[in-house]
Amino acid sequence: MSLRNRTVLVIGRGSGIARAVALAARAAGAEVVVAGRNRDTLAAAYPDSGITAEHVDLADEASIAALAERLGSVDHVVSTASARARGTAQTLTHEAVLASFAVKAVAPIFLAKHFAPRMPADGSFVFFSGASARKVLPSMLAVGGTNAAVDAVVRGLAVELAPIRVNAVSPGTIDSGAYDALGDEAKSALFANREATSPARRVGTVDDIAGVVLFALDTTFLTGVSLAIDGGEPLV
């Protein structure tokens, strides 16, 4: 694979999708840098000497610029980060909505601003959208709006940064730990509904997503698209 001996920056938690992506990139031969708000927690999550941890706050452009300055050149940047803003128009707070857009839709612009000048022409970015950009779901108003914004930003950046490639991965329901806060009963009910109604007849796994991220990093004729890895959920 073309990731061998390349440097991949993965922004997100030390678990779930971010962890699966980091480990998959490392297994493909990349040197991996993981970054998030808690550097010590990230460092403890990855004992592999080929995976190093850094601090970044995606809501702060100065923090993004400082990370780019510390790392110098990288080949690929993947951001899985999000700030959840679930709720209806009547229950959402101003702060939660702004945080959702800042971390997931605005941060890609500033990651591109500060990292693209340091990347090779065959480098790439992968950002995360989501199925709620394509299907209206209860209490997902701000999440859906954020994801739709990511899709638009990706298309614009793909044109502006060419030949550096820019793509998005757009998951459906993934068993990543993100639904654990619902409690066992509610989570089981949600997953049972998805398994019964989606054309794939199952929920996704973090490995499903990691494999698609590596595909996006490695496919040099792919840019400006949002890859829907959702088991066909928006179809029903």
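How do the axes of helix H4 (residues 94–115) and helix H5 (residues 141–161) cross? They cross at roughly 10 degrees and come within 9 Å. The axes are lines fitted to C-alpha atoms, for helices over the stretch in contact, and angles run from 0 to 180 degrees between N-to-C directions. That makes H4 roughly parallel to H5, since angles under 35 degrees count as roughly parallel, over 145 as roughly antiparallel, 65 to 115 as roughly perpendicular and the rest as oblique.

A word on the ground rules before we go further. This is a predicted model, in which local features need pLDDT of at least 70 and side-chain atom pairs count only at pLDDT 80 or more, while totals for chains, interfaces and linings use all residues. Residues are numbered from 1 along each chain as its sequence is written, and side-chain values use heavy atoms, with hydrogens and water left out. Helices (H or I, at least four residues) and strands (E, at least two) are DSSP runs, numbered from the N terminus.

Seven strands form an open sheet in the order S3-S2-S1-S4-S5-S6-S7, with parallel pairing; two strands pair if DSSP finds at least two bridges between them. Strand S3 (51–55) and strand S7 (226–229) are the edge strands, each pairing on one side only. Ignoring direction, neighbouring strands are turned by 20 degrees against each other on average. Within the sheet, strand S4 (residues 76–79) and S5 are joined in the parallel sense over three bridges, and Val-77 has Phe-125 of S5 as its bridge partner.

Two helices lie across these strands. H5 lies across S5, strand S6 (165–171) and S7, at about 160 degrees to S6. Helix H7 (residues 206–218) lies across strand S1 (7–11), S4, S5, S6 and S7, and runs at about 165 degrees to S6. In the loop between H5 and S6 you will find Pro-163, joined to Ala-162 by a cis peptide bond with omega of about 15 degrees.

Next, the open space. The largest pocket holds about 1200 Å³ and is lined by 49 residues, with Ser-82, Arg-84, Arg-86, Lys-104 and Ala-178 nearest its centre. That lining divides into 23 nonpolar, 18 polar and eight charged residues. On a 1 Å grid over the protein atoms alone, a pocket is an open set of points with protein on both sides within 12 Å along at least five of seven lines, a cavity is a set where a 1.4 Å probe fits but cannot get out, and lining residues have an atom within 4 Å of a point. Grid points are joined across faces, edges and corners, and a volume is the space filled by probe spheres set on the points.

The structure also holds one cavity of 30 Å³ or more. Its lining consists of Ser-79, Ala-81, Val-103, Lys-104, Pro-108, Phe-127 and Phe-128, and H4 gives the most, with three residues.

How values were computed
Ala, Val, Leu, Ile, Met, Phe, Trp, Tyr, Cys and Pro count as nonpolar, Asp, Glu, Lys and Arg as charged, and the others, Gly among them, as polar. Contact means heavy atoms within 4.5 Å.
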